[in-house]
Amino acid sequence: MSLEFMEWKFLGNTLGSLLTAVATIVIAVVIVKLARYFFLKRIKRWVNKTPSIWDDRLVSIVERHFIPIFYLLSVYLAVNQLKLHQLLARSIDVILIILGTFLGVKLITSLIEYALRLYWVTHHSKNVSFEQTIDALLPAIRTIVWAIGFVFLLDNLGFDISAVIASLGIGGVAIALASQGLLQDLFSYFAILFDRPFELKDFIIVGDYLGTVEYVGIKTTRLKSIDGEEIIIANTDLTSSRIRNYKRMRQRRIAFKFGVIYDTNPEQLAAIPQIVGHIISNTENVTFDRAHFLAYGDFSLDFEVVYFVGSSDYTQYMNAQQQINLQLKQEFTQRGIEFAYPTQVNYLHLNETQLNGNGNGKKEQTTNV
């Protein structure tokens with residue numbers, strides 16, 4: 001059978017070339033239809049039965065990005081089978097390059113986001129700050145990928161990308177100088193996220209400010225103070241300050257002092273450390289360390305007590321301290337031991353005439369505080 005009709009020409013192309021181009025597109029459509037019916041449909045049915053959502057997302061990425069790229073590639077191969085006018089061929093190439101760059105960038109950004117979030121779920125699922133780090137990095141990653149895609153597009157369109165890169169470099173320097181303060185806070189933000197001196201819900205003290213970390217932003221970090229107001233601190237100030245993080249404290253060391261009056265007898269003084277130790281040892285979630293007769297104060301005999309609370313919870317510490325104080329008061333009252341407080345004693349020295357109520361004698365006064 002003669003195939004001379006395949007050499008017939010239409011619009012500058014043989015019938016064989018036209019049929020090959022059409023066949024390329026049809027075959028691509030058939031392959032996609034078959035793949036969706038025999039593979040994607042079954043894979044979706046299988047992943048829907050699994051408890052994880054990440055296999056569903058991967059299938060979604062394949063269906064949403066790879067199939068359009070496959071169609072675009074088939075159109076490119078079909079067009080290459082034809083001999084077109086130079087202007088028309090160039091226009092089609094430009095359109096295909098733009099679409100291919102757009103689809104490729106979307107695919108790359110989706111895969112990067114998927115990989116980062118999968119890594120977070122696998123290794124740091126309980127770390128909320130790591131998820132926040134990913135959310136902060138993704139816009140920057142997308143910007144970088146789109147910038148690379150834009151340069152790639154310009155290069156394939158025939159532009160001199162060296163001049164474009166130089167222009168971008170000069171513009172970047174100018175922007176960096178204009179936004180120096182913002183960039184410092186941005187770098188401090190990434191330092192906080194990667195070094196993690198604190199995390200969300202941590203109770204921290206920075207200088208004269210203290211509160212619970214509520215939000216870590218690109219420029220500022222927000223704390224909720226004990227009184228309820230919101231404290232906003234620049235990230236640069238945080239990274240250049242000494243931060244006290246109480247949430248990571250495994251136990252709290254407590255040292256407190258009290259004094260008893262000078263009239264306390266030696267037997268009572270010797271018994272006080274034992275009394276304090278017994279009270280603290282019987283307090284829940286508290287470990288007694290020591291109690292000592294510390295010093296002779298101005299108006300009291302001073303004792304120092306040290307114990308540990310097995311938690312960083314401030315309320316738990318205050319509950320323990322309150323219980324200790326109440327029991328100390330009760331024990332001291334039962335034993336006749338009095339707590340000291342600032343007092344003033346006046347001593348009057350009177351002569352015999354003043355004692356008899358006659359004459360104007362001399363009075364001397366000394367004061368002990």
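**Sheets, helices and cores**

Strand 3 (residues 203–206) and strand 4 (residues 209–216) are paired antiparallel over 4 bridges. Two strands count as paired if DSSP finds at least two bridges between them. Helices (H or I, at least four residues) and strands (E, at least two) are DSSP runs, numbered from the N terminus. The model is predicted: local features need pLDDT of at least 70 and side-chain atom pairs count only at pLDDT 80 or more, while totals for chains, interfaces and linings use all residues. Residues are numbered from 1 along each chain as its sequence is written, and side-chain values use heavy atoms, with hydrogens and water left out.

Strand 4 and strand 5 pair in the antiparallel sense over 4 bridges, with Val 213 opposite Leu 223 in strand 5.

Strand 5 (residues 220–224) in turn pairs with strand 6 in the antiparallel sense, over 5 bridges. Thr 221 has Ile 233 of strand 6 as its bridge partner. The hairpin of strand 5 and strand 6 has 5 residues between the strands, and Gly 228 in the turn has a positive phi of about 105 degrees.

These strands belong to an open antiparallel sheet of 5 strands in the order 6-5-4-3-7. Its edges are strand 6 (230–234) and strand 7 (243–245), each of which pairs on one side only. From one strand to the next the twist averages 40 degrees; axes are lines fitted to C-alpha atoms, for helices over the stretch in contact, and angles run from 0 to 180 degrees between N-to-C directions.

A second open sheet has 3 strands in the order 8-10-9, with antiparallel pairing. Strand 8 and strand 9 stand at its edges with a single partner strand each, so one side of each has no neighbour in the sheet. Neighbouring strands of this sheet are turned by 20 degrees against each other on average, direction ignored. Strand 9 and strand 10 pair in the antiparallel sense over 9 bridges, and Ala 291 stands opposite Val 305 in strand 10.

Helix 9 lies across strand 8, strand 9 and strand 10, running at about 25 degrees to strand 8. The axes of helix 8 (residues 266–281) and helix 9 (residues 314–335) come within 10 Å and cross at roughly 145 degrees. On the helix 8 side the contact includes Ile 272, Val 276 and Ile 279, and on the helix 9 side Ile 324, Leu 328 and Phe 332 are among the residues involved. Contact means heavy atoms within 4.5 Å. The residues of this contact divide into 8 nonpolar, 2 polar and 2 charged. In this count Ala, Val, Leu, Ile, Met, Phe, Trp, Tyr, Cys and Pro are nonpolar, Asp, Glu, Lys and Arg are charged, and the others, Gly among them, are polar.

The largest nonpolar core has 23 residues, of which Phe 258, Val 260, Ile 272, Val 276, Tyr 307, Leu 328 and Phe 332 touch the most other members. A nonpolar core is a set of buried Ala, Val, Leu, Ile, Met, Phe, Trp, Tyr and Cys residues joined through side-chain atoms within 4.5 Å. Strand 8 (252–260), helix 8, strand 9 (286–296), strand 10 (301–309) and helix 9 each give two or more residues to this core, and helix 8 gives the most, with 6 residues. Leaving aside neighbours within four places in sequence, Ile 272 is in contact with Phe 258, Val 260, Phe 303, Phe 332 and Ile 337. Apart from this core lies another, of 13 residues, among them Ile 192, Ile 204, Val 213 and Ile 233.

Methods
Buried means under 20% relative accessible area, exposed over 50%, partly exposed in between (1.4 Å probe, protein chains only).
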